[in-house]
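Thanks for coming. I will take one structure and go through some of its parts in order. Please have a look at the picture before I start.

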Amino acid sequence: MRYFMRSARSLGLLILLFVSLLVSSFSKIYAHSGPVHAGDVVTGYANKDTVRPASGALPGNVSNDEFRKKALAKIKEFQGCLFILCDITSGNVALDNAVDQATSLFIDGAIIEVSSLHSDEKKHLKVRDFLEKFRNLHYDRVVITFSHVDYVSNIRKGSDGKYYGLVSFEQTFRGYNDGRLVYEDETKKTTEVQLIVYDRNLRGNAIQQWDVMLSDVEILGTKRPKA
Amino acid sequence: MAKTGVLKFLIFISFSICHHRLFSQVFSNNDDAKEKHFVYEVKEIDEFFERFNDERGSFIRGVYKAHHVKFNIPRQRLIWSLFNYENMSRDSVMMKKFISDVTKKQKPIYLHYYGDDWYAELTCKFKYNATSIVIPVIMKIEMTQNKGSKWMIVGVGSSGLKPKIVVTEMAQSKVKMNIISPTSNGTNFVSLKRAFDDKENLSDYFESTDMKNSKMLEFYNAILNGDIDFTDVVKIKYHFLLAGRWLFTVEDFIRKDLNSGWLINHMEKVSSAGMDNYRSKLLSGN
């Protein structure tokens with residue numbers, strides 16, 4: 001009898017612990033998370049942290065939301081160029097165009113840092129050099145997948161008058177030869193983006209326009225490459 | 001007696017499993033799990049600020065909104081999730097006191113990106129006489145008159161360089177528009193490479209009032225004269241000096257657990273004098 005009482009007490013304790021964990025856990029919200037998509041990024045970014053120092057609207061009547069959407073569109077355009085570069089059916093002209101198009105998305109002098117958790121070595125490359133290396137990979141087939149959700153940071157005004165932000169996403173790269181997976185890596189990519197405002201002459205009138213350019217990139221290998 | 005022992009063992013195992021599943025969740029090799037990890041990882045120091053302050057436009061709130069799920073996580077829980085559980089006990093008295101202090105209803109405490117209460121400590125690698133050396137560089141976000149901001153070098157640690165001070169005062173830069181952008185932290189301060197190559201405007205990147213510091217002057221001279229050549233930033237650690245009584249450091253923990261990314265790895269409560277002492281040591285590179 002005493003044994004059953006003790007067992008019941010212990011079982012009660014177990015249930016209490018379990019319930020307490022479920023109720024108190026931050027993790028309970030995981031249950032709600034399902035697939036997320038690029039279009040699901042945060043909108044309406046009213047943020048005291050951003051707005052206070054760089055008071056007022058962004059230049060060229062650009063809203064924070066427009067800036068963020070454009071930044072993501074540029075990232076997607078860059079990813080599109082990477083798809084062309086690793087498609088073995090692409091001809092030389094298409095490859096040249098993809099390199100030019102991808103390079104034009106970046107500001108002059110942008111640096112791409114490539115590193116891995118499993119190595120101390122960090123490489124710094126110019127954008128065009130990075131793309132040329134990418135273009136010359138020797139696989140029969142390359143599959144690149146990007147995370148469906150991107151992190152876009154607050155927009156911050158620099159003391160140089162430009163506006164800056166960060167976009168982070170993850171990428172998986174798989175290279176196949178003779179139908180076999182011969183190389184695989186996972187990377188976290190963070191790209192700095194800049195809002196550029198410029199005047200465009202339209203029938204003698206200067207009209208202020210804006211664009212988002214990509215800047216420095218950090219590419220960090222998060223998984224030991226499978227080769 | 002033996003059966004009781006077995007039961008207790010089962011309870012322990014069950015608790016351990018629940019504990020592991022809920023707090024140290026690891027993603028398996030599938031896309032959904034990877035995305036879940038991406039959502040919960042503190043990806044940038046910006047996101048650390050968002051979560052700490054429970055900002056209305058935070059990334060995590062955005063994800064909930066996108067899934068039409070009501071966001072009902074109190075700020076206490078968000079802050080609690082910002083600790084590195086591998087180094088700090090989740091139930092520590094210090095953690096509870098801290099969370100209770102910063103979330104007080106009457107006078108909550110927030111982090112300010114443009115405030116004076118945080119610094120980045122960069123472990124920078126340089127080439128020096130055919131070898132590699134590391135020098136700690138302390139940086140801070142500085143506001144300017146146009147309500148913009150930039151990262152500035154405000155302190156330098158011991159370098160092991162032979163003292164060779166050629167220039168005793170910084171040269172005025174020709175173009176005053178070169179900056180280390182306020183988001184450079186997100187790309188591992190790779191822009192330092194550009195800054196240190198820009199000898200003509202080198203002074204733009206240093207806090208001029210700190211140039212009386214001999215270590216800073218030695219460092220400035222070594223870069224200006226090409227004695228050292230910047231290679232990369234090996235590691236970043238952020239120091240927060242909050243509300244005159246809380247010190248904590250934040251580092252990047254890249255791992256498969258959901259408790260990953262930029263997390264609080266060390267914390268202590270100090271007196272006002274202790275806070276001043278910490279700041280002074282940090283800036284002088286000791």
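This is a predicted model: local features need pLDDT of at least 70, side-chain atom pairs count only at pLDDT 80 or more; totals for chains, interfaces and linings use all residues.

Two strands are said to pair if DSSP finds at least two bridges between them.

With pairing defined, take β4 of chain B. Its residue B:I228 is the bridge partner of B:Y128. The two strands involved are β1, residues 118–128, and β4, residues 228–242, both of chain B; they run antiparallel and are joined by 11 bridges.

Now the whole sheet. Which order do the six strands have? In chain B it reads β3-β2-β1-β4-β5-β6, the sheet is open, and the pairing is antiparallel. At the edges are β3, residues 149–156, and β6, residues 261–269, of chain B, each of which pairs on one side only. Direction ignored, neighbouring strands in this sheet are turned by 35° against each other on average.

A helix packs on this sheet: α9 of chain B, residues 272–283. Helix α9 touches β1, β2, β3, β4 and β5 of chain B, and its direction makes about 175° with that of β4(B).

Back to β3(B), one of the edge strands. Is β3(B) largely enclosed or left open by the rest of the structure? Eight of its eight residues are buried, so β3(B) is largely enclosed. Its partner is β2(B): seven bridges connect the two in the antiparallel sense, and B:V137 stands opposite B:V156 of β3(B). Together β2(B) and β3(B) make a hairpin with five residues between them. In that turn, B:K147 has a positive phi of about 65°.

Next, a helix of chain B that has chain A as part of its cover. In α2(B), residues 31–40, the buried residues include B:E35, B:K36, B:H37 and B:F38.

Last, a helix pair in chain A. The axes of α4(A), residues 92–104, and α5(A), residues 127–135, come within 10 Å and cross at roughly 150°. Angles over 145 degrees count as roughly antiparallel, so that is what α4(A) is to α5(A). The crossing is right-handed. From α4(A), the contact uses A:L95, A:V99, A:A102 and A:T103; from α5(A), it uses A:V127, A:R128, A:L131, A:E132 and A:R135. By class, five of these contact residues are nonpolar, one is polar and three are charged.

That is where I will stop.

Conventions
Residues are numbered from 1 along each chain as its sequence is written. Chains are lettered from A and ligands numbered from 1 in the order in which they are written. Axes are lines fitted to C-alpha atoms, for helices over the stretch in contact, and angles run from 0 to 180 degrees between N-to-C directions. Helices (H or I, at least four residues) and strands (E, at least two) are DSSP runs, numbered from the N terminus. Angles under 35 degrees count as roughly parallel, over 145 as roughly antiparallel, 65 to 115 as roughly perpendicular and the rest as oblique. A crossing is left-handed if the near helix is turned anticlockwise from the far one by less than a right angle, and right-handed if clockwise. Two residues are in contact if their C-beta atoms, placed from the backbone, lie within 7 Å. Ala, Val, Leu, Ile, Met, Phe, Trp, Tyr, Cys and Pro count as nonpolar, Asp, Glu, Lys and Arg as charged, and the others, Gly among them, as polar. A residue is buried if 20 or more other C-beta atoms lie within 10 Å of its own, exposed if 12 or fewer, and partly exposed in between; C-beta atoms are placed from the backbone.
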